[in-house]
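Here are my notes on this model. Please read them with the structure open.

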Amino acid sequence: MLALLPTIVTLMLMFLVTVHETPSRNEEKYLQGFLLVSLVIAAYLLFLRILENVFVFPEWAKIITLLVLFALLCSPISVVVKAQSVDLERLPPSVTSSTSLLIDEPEWESSDKLAVENIMDYDEVPTDTVQRKASSILQPDEQKNLWQAMCTIDFWLLFVAMICGMGSGLATINNISQIGESLGYTTLARSTLVSLWSIWNFLGRLGAGYVSDIFLLRRGWPRPLFMVYTLAVMTGGHVIIASGFRGNLYVGSLLVGICYGSQWSLMPTISKEIFGVVHMGTIFNTIAIASPVGSYVLSVRVIGYIYDKEASGEGNSCFGTHCFMLSYFILASVSLFGVVVALALFYRTRRFYSRVLMLC
């Protein structure tokens, strides 16, 4: 289902995707509206998971919480309706009465007014500015294809960093329930850990891109520096999981989950900025092969092998801190090596990001 369903849905709906010109020049506030809705949904799900560990919900309460969740999932429609109404108000009466926003190109507002609006929005919208300036630095002859990118050191630094970060993070996802079982966590607690991991992963994906844009524009911090930070924090998360103290999985999965999600946000952006946008999809998805490669090596050849060696109970199972301690110290060492690789990438690309700041 995971392999076929997303592919089928994409193939069925891809013909509905079109370029839609609008008279609104301040799209960022609507994007932030979508982000706000997603944060509210994540907070709501987190609140529910905490309550489920404290109370037993009756059927009527489960139905109410489900209806509230459906309402939250439909709330982005209000952002779309508001954006559409603003676009209609900005169009001259002659245009709104005789043309359709979905088909015809609207008449734009005066250039002076738009210029003022762009100046007012500059401090509020660093993301679009950074992305546009970073893309404009690379000249057409500097836009690399896959083979050209693979001939650079930066490509392989990203590849190795992805093995260290995403490989160890994915290995944690694969084994978090079994780790909880070996440490004596209840079935409900293990289910909660898996749900919380999804929330931490989401927060990492959302926050890393947004925060790195802000710090790049306002403080001049190159984006690979955030790879260094997230891999360093992930190292600490692996050590906490290896320690086995009471409640360690809640803290460790929080750190590893956020940092794992951050890698998925930072990697494609850095790939686009370094190698250009023309072949960005091919280049990044080739780099992304490192994720399952790292997961296989660390999850099967490291965690699985050591677990089988430690297992002595009935059904070839293992209980106690020793089951995963060595494995996660190895994962912590791998993440620490990723910090070194990310630092190398940071020093190699710092001049590039200095040029971005000069243009901004």
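1. First, a term. Helices here are DSSP runs of H or I, at least four residues long, numbered from the N terminus. The model is predicted. Asn 175 is found in helix H9.

2. Is Asn 175 buried or exposed? Its relative accessible area is 8%. Buried means under 20%, so Asn 175 is buried. Its side chain makes a polar contact of 3.2 Å with the side chain of Ser 299. Leaving out residues up to four places away in sequence, Asn 175 touches Ser 299, Ile 303 and Phe 324.

3. Now the nonpolar cores. The largest has 55 residues. Among those with the most contacts inside it are Leu 158, Met 227, Met 267 and Tyr 328. Helices H9, H10, H11, H12, H13, H14 and H15 each supply at least two residues of this core. A second, separate core has 8 residues, including Ile 41, Leu 48, Phe 57 and Leu 69.

4. Look at Met 227. Which residues is Met 227 in contact with, leaving aside neighbours within four places in sequence? They are Leu 158, Ala 161, Gln 263, Leu 266, Met 267, Ile 270, Ala 342 and Leu 345.

5. Cysteines next. The disulfide count comes to 1. This disulfide joins Cys 318 to Cys 323, with an S to S distance of 1.9 Å. The torsion about the S-S bond is about -90°, so the disulfide is left-handed. Both Cys 318 and Cys 323 are buried.

6. Two other cysteines deserve a line. Cys 74 has 48% relative accessibility, so it counts as partly exposed. Cys 151, at 53%, counts as exposed, because the cut-off for exposed is over 50%.

Conventions. Residues numbered from 1 in each chain as written. Predicted model: local features only at pLDDT ≥ 70, side-chain atom pairs only at ≥ 80, totals over all residues. Heavy atoms only, no water. Core = buried A, V, L, I, M, F, W, Y, C linked by side-chain atoms within 4.5 Å. Buried < 20%, exposed > 50% of the residue type's maximum accessible area, 1.4 Å probe, protein only. Contact = heavy atoms within 4.5 Å. Polar contact = N/O pair within 3.5 Å; in protein donor to acceptor, adjacent residues only side chain to side chain. Disulfide = S-S within 2.5 Å.
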